[in-house]
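Here is my note on the model, point by point. Please read it alongside the coordinates.

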Amino acid sequence: MPQSGAVYGIVLFILIFSFAVPNYLTFLNLTNVMRQSAVLCFIAMCSCLAILTNQTDLSCGAISSLAACVAAQAMNRGSSIFIGCLLGLLAALAMGLINGILAGYTTIPTFIITLATMNIAESLGMVIQGGTIHIPYESFSQLSEGGILYIPVPVVLVAVLYIGMNYVLRHRRYGTYLYAVGGKEDAAWTSGINVKRIKFSVYIINAAFAACAGFIYSARLSSANPSQGSGLELDGICAAVLGGVVLGGGRGSVYGALLGAIAISILRNGMNMLGWRSLTQMMVIGFILIIIIAFDAVRKEAKR
C-alpha cells in the first residue's frame, strides 16, 4: 500500500526516540507533536497536489512566511485579526497567481518557476519586515494553542483539510482531472480537460494552504519572521513522497501525505529534543528523501 513507507517511518521514529530521549512518550510531548505537525500537514498537501499533477512547488514555505509577515504587520498597524489574515492571504494568492500563470501558460519548468517565486517571497518578507515582529493579539495564539472539545484546534483544521481534499480528489470531477493531468498530460488534453487551467488552479490552492500554514506557525510563536518557513518545502516534498505520492504524477493519496507529514514531524520533534541543530536536521531530512527517491526508482525499474 502506498502509505506503508510513512507507517514504517512513524513506528521506527517512535521506537528510536523512545529509547534515545527520556520521557519521550508523554502526553504533553505527544500533544506538542500533534500541534506542531499541523503546519507541515498543510505544506505536505501543497506538495501532494503539485506532485500529483507532475509539477513542483518549492515556494510554499516562503509564501507561508510572506503571508504571516503581511498579517503581523497589518495587525501591528491596528488591523483586526480577520483583516490582517485576509491581507496575508491576498499576498499569498498574488504569489500563487504568478506561479499558476507561468506553470499553466508557459513551458518554463515548474522547478525554475517556484524556485524564483520562493526567492521573491522571501525577499518581499524581508522588505516588509526586516526581523521578527510580535503579534499584539493574545487571542491569535488560540489558532495554535486552543482546543475544541479537548481536541487541539490545529488537529481540527488538519482533519477538515484532509477529509475535504480526499472527498474532492476521490469523488469530484476536479480530482479526476488532477490525476488525469498528472498521469498523462497528452491524454488529458485529448479527453477535453483544460490542462492549463488545472495547473493554474493547483498553485492558487497551494498559496491558500501555505497562508494557513503561516498563520498557524505564527500563532504558535506569537510572532512572524520572514524566514520562519525556510525548509518547509523540503519537508513537505519528503512527507508527500514518503506517504506514497509518486514523483511522476498521477498516483498517490492525501492520507498518505498526511501520514508522511506526521512521520517527518515525529522525526523533527525527536531531533529537537536531542538538541540537534537545524542544519543537521535538514541534512537528515535530505538524506531520507534521497533514500525514498532511490527506492522509488529501483521499484519502477523492477516493474519494467
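1. How far apart are the end C-alpha atoms of helix α5, and what span should its 19 residues give? At 1.5 Å a residue, residues 110–128 should span 27 Å. The end C-alpha atoms are 26 Å apart, which agrees. The expected span is 1.5 Å times one less than the number of residues. Helices (H or I, at least four residues) and strands (E, at least two) are DSSP runs, numbered from the N terminus.

2. On sources: this is a predicted model, where local features need pLDDT of at least 70, side-chain atom pairs count only at pLDDT 80 or more, and totals for chains, interfaces and linings use all residues. Residues are numbered from 1 along each chain as its sequence is written, and side-chain values use heavy atoms, with hydrogens and water left out.

3. Which residues of α5 are buried? They are Thr110, Ile113, Thr114, Thr117, Met118, Ala121 and Gly125. They cover an arc of only 135 degrees around the axis, which puts them on the same side of α5. Buried means under 20% relative accessible area, exposed over 50%, partly exposed in between (1.4 Å probe, protein chains only). The arc is that of the directions from the helix axis to the C-beta atoms. An α-helix has 3.6 residues a turn, so residues three or four places apart point the same way.

4. The cover over the buried residues of α5 includes α3 (60–76), α4 (81–105), α10 (195–221) and α11 (232–242). Contact here means heavy atoms within 4.5 Å.

5. Helix α8 (residues 173–183) buries Gly175, Leu178, Tyr179, Val181 and Gly182. Seen down the axis of α8, these fall within an arc of 160 degrees, so they line one face of the helix. Among the elements covering them are α2 (27–52), α7 (153–171), α9 (185–190) and α10.

6. The disulfide count is zero, with a disulfide taken as a pair of cysteine sulfur atoms within 2.5 Å. Cysteine 85 is buried, at 15% relative accessible area. Cysteine 212 is partly exposed, at 31%.

7. Two backbone angles deserve a look. Most residues other than glycine have a negative phi. Leucine 149 has a positive phi, near 55 degrees. Leucine 149 sits in the loop between β2 (147–148) and β3 (151–152) and is exposed, at 75% relative accessibility. Serine 222 also has a positive phi, near 60 degrees. Serine 222 lies in the loop between α10 and β4 (223–224) and is partly exposed, at 27%.
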